[in-house]
Amino acid sequence: MRIFRRVVMPLAWLAVFAVIAVALVKIAFIDGMQPGQVLAAPGAAVAVPVVQATRATVTNTVQVQATVQSDAAVNVRNTTAGVVTHLFLSAGSKVSTGDRLYQVRTEVLPEPTAAAQPVTGPLTSGPAMAETGRAGGPNTATARTAASPVYTYTDVLAPVSGELATLTVLINQQVGVGDSTGTVNPGTFTLSGSVDASQQYRLLAKPASAQISVVGGPAPFTCPSVVLKSVAGDVAGATTGNVPGGLAGGVGRSVPYAIAGPGGGGAPEQGGTPTGTISCAVPSGVEVFAGLGATMTVTAGQAKDVITIPLTSVQGSVKEGLVWLAPAGAAHGPAAGTAAGPAAGNPAGNPAENPAGAAAGEPAGQPEQRKVQLGLNDGSMVEIVSGLAEGEAVLEFIPGAPARTPQGPQFAGSGPYPMGG
């Protein structure tokens with residue numbers, strides 16, 4: 001026992017301390033000199049998203065929310081002055097264009113006739129003698145007789161087909177030219193909706209027809225004779241016709257930033273200030289009622305296999321626009337917003353992951369502005385007629401353009417987003 005405590009135990013403790021010393025030396029001077037695995041740290045670099053010009057088909061389709069409206073009654077205008085002598089129809093009757101409504105008698109007074117009468121008294125000199133001599137000789141005198149009145153009869157006709165809503169004339173009533181003597185309700189309907197400036201520009205090429213889908217109504221049908229009018233032109237008193245004349249005086253020539261709706265026009269695109277109206281007559285045989293809502297889909301041209309870019313990349317949307325060519329080092333693709341640093345897996349600046357050819361961390365150059373000629377657009381993509389080649393990269397968003405508010409109920413309201421929690 002004495003040997004164990006005096007010899008064995010000290011040797012055991014000496015061995016333990018020796019092992020600890022060797023371990024510390026290994027950790028400090030051997031393992032510490034070898035490079036270890038570095039964990040990827042989170043990092044971000046500001047990148048400018050760009051897109052490439054690609055070929056696609058652009059269909060210029062505009063959807064407008066419209067309302068079914070009854071056509072206004074047409075006035076019956078009297079066409080001649082006189083006295084009403086006969087009524088052919090009464091209020092509430094069905095009429096066709098050209099049907100007789102009532103008759104007006106007009107008195108026409110002929111010129112009095114001149115006849116020669118023999119003179120029985122002695123002739124005298126002076127004006128009377130001269131008049132007698134001119135009439136037919138020394139023994140005749142002139143006498144004027146009034147002729148009987150002559151009457152003409154004129155029928156007033158229905159201006160349009162429909163129902164004779166009112167007829168206000170009475171027998172023996174004196175009427176004048178242009179008097180309103182009744183109304184005819186045509187019983188037809190018109191679809192009408194408001195359009196904003198960007199939609200009017202997209203409809204510069206006059207649409208021939210529209211596809212109509214009535215809410216809770218019949219199957220979709222084609223509505224011919226689409227008419228586009230400018231609100232400003234109507235207010236000024238100058239009735240504008242079909243496009244392009246309907247745009248005169250109503251819309252400014254600058255559309256600085258066209259916001260593309262999701263889906264490329266799949267939903268009605270209205271939301272801006274109305275600058276015009278678009279309407280078309282509901283075909284006969286289609287049963288509708290005033291006040292029904294409808295969606296009017298107007299197609300005004302299609303361009304196949306053309307160079308296109310997003311509308312968000314172009315300043316302007318009609319005829320001419322400006323784009324910004326992507327600088328070297330800009331990230332491609334709409335999802336480019338952050339880029340990981342060298343420790344995140346691309347330490348050598350792999351060209352496959354950096355298509356612009358700039359090394360990681362190298363600042364991008366300044367974008368180059370270029371003028372392009374524009375064609376059709378569908379509310380999301382726009383046709384490039386000239387000025388940009390297929391494959392060229394441009395900025396996805398216009399420099400300095402206002403940020404777009406995210407869509408959805410969770411982003412309802414306006415103003416800055418709340419910070420913190």
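1. A disulfide is here a pair of cysteine sulfur atoms within 2.5 Å. In general terms, a disulfide is a covalent bond between the sulfur atoms of two cysteines. The structure holds one disulfide: C223 and C280 form it, with their sulfur atoms 2.1 Å apart. This pair links distant parts of the chain, since C223 lies in strand 15 (residues 221-224) and C280 in strand 17 (residues 276-281), 57 residues apart. The torsion about the S-S bond of C223 and C280 is about 125 degrees, so the disulfide is right-handed.

2. The model is predicted: local features need pLDDT of at least 70 and side-chain atom pairs count only at pLDDT 80 or more, while totals for chains, interfaces and linings use all residues. Residues are numbered from 1 along each chain as its sequence is written, and side-chain values use heavy atoms, with hydrogens and water left out.

3. The chain has four helices and 23 strands. Helices (H or I, at least four residues) and strands (E, at least two) are DSSP runs, numbered from the N terminus. Contact means heavy atoms within 4.5 Å; among contacts between residues at least 6 apart in sequence, 79% join residues at least 24 apart.

4. Of the 421 residues of the chain, 29% count as buried. Buried means under 20% relative accessible area, exposed over 50%, and partly exposed in between (1.4 Å probe, protein chains only). Both C223 and C280 are buried. The accessible surface of the chain comes to about 25,100 Å², and 59% of this belongs to carbon and sulfur atoms. Such areas come from the Shrake-Rupley method with a 1.4 Å probe; for residues, only the protein chains shown count as cover.

5. Two strands pair if DSSP finds at least two bridges between them; strand 3 and strand 12 (residues 180-185) pair in the antiparallel sense over four bridges. R77 stands opposite S180 in strand 12.

6. A nonpolar patch on the surface includes I3, F4, W13 and L24, and its members together have about 1,200 Å² of accessible area. Patch residues have over 30% relative accessible area and no salt bridge, and nonpolar side chains (Val, Leu, Ile, Met, Phe, Trp, Tyr) are joined within 5 Å, like charges within 9 Å. A salt bridge is a side-chain nitrogen of Lys or Arg within 4 Å of a carboxyl oxygen of Asp or Glu. L24 is found in helix 1 (residues 2-29), and L24 counts as exposed because its relative accessibility is 54%.
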